[in-house]
Amino acid sequence: LAIKNRGSLSVFDSPFRNRAFTSVNAELEFAETYRNEFIDTIKSFTEEDLANIKIDRSDSGYIRDLGDMLLRVAYHESVHTGQLLDYLRTAGVPRVRIWD
């Protein structure tokens, strides 16, 4: 939503707040619409958009080009993936060995 809004949102009520998922599949199913909408939004941008659209998060201390912001989103998610893998590894939980 911050990307569509071209900056920070004054109010954001997460659709995930106060939801109790009973399985990973239930959460993925719920999130699918939001994920698809995000992917469609990203596909709609041109190379010129990536360089010229500014995302104003000055309330958080920065204004970034759209392309830079999208790269940071991907980086942020990869950091959390690494954290999750570390937790699983530490707990001795079997996992697909894609990154190890």
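**Exercise 1. Work out whether M69 is buried or exposed, and what it touches.**

Step 1: start with the accessible area. M69 has a relative accessible area of 9%. Buried means under 20%, exposed over 50%, and partly exposed in between, using a 1.4 Å probe and protein chains only. So M69 counts as buried.

A quick word on ground rules: this is a predicted model, where local features need pLDDT of at least 70, side-chain atom pairs count only at pLDDT 80 or more, and totals for chains, interfaces and linings use all residues. Residues are numbered from 1 along each chain as its sequence is written, and side-chain values use heavy atoms, with hydrogens and water left out.

Step 2: M69 sits in helix 4, residues 66-91. Helices here are DSSP runs of H or I with at least four residues, strands are E runs of at least two, and both are numbered from the N terminus.

Step 3: list the partners. Skipping neighbours within four places in sequence, M69 is in contact with I55, R57 and Y62. Contact means heavy atoms within 4.5 Å.

**Exercise 2. Find which residues make up the largest nonpolar core, and which element supplies its largest share.**

Step 1: A nonpolar core is a set of buried Ala, Val, Leu, Ile, Met, Phe, Trp, Tyr and Cys residues joined through side-chain atoms within 4.5 Å.

Step 2: read off the members. The largest one has seven residues, namely I3, F45, I53, I55, L66, M69 and L70. Helix 4 gives the largest share, three residues. As background, nonpolar side chains in soluble globular proteins tend to be buried together.

Step 3: Neighbours within four places aside, I55 is in contact with A2, I3, R6, G7, Y62, I63, R64, L66 and M69.

**Exercise 3. Collect C-alpha distances for E29, V24 and M69.**

Step 1: take E29, an exposed residue at 63% relative accessible area, placed in helix 2. E29 and T41 are 12 residues apart in sequence and 19 Å apart in space.

Step 2: move to V24, which lies in helix 2 and is exposed at 63% relative accessibility. From V24 to I55 is 31 residues along the chain and 32 Å between C-alpha atoms.

Step 3: finish with M69 and F21. They are 48 residues apart in sequence, with 30 Å between their C-alpha atoms.

**Exercise 4. Describe the whole chain: which elements does it have, and how spread out is it?**

Step 1: count the elements. There are four helices and two strands, in the order α-α-α-β-β-α.

Step 2: compare with the globule rule. The radius of gyration is 17 Å, well over the 13 Å that the rule gives for 100 residues, so the protein is more spread out than a compact globule. The radius is taken over C-alpha atoms, and the rule is 2.2 Å times the number of residues to the power 0.38. Along its principal axes, the C-alpha trace spans about 45 × 30 × 25 Å.

Step 3: look at burial. Of the 100 residues, 11% count as buried.
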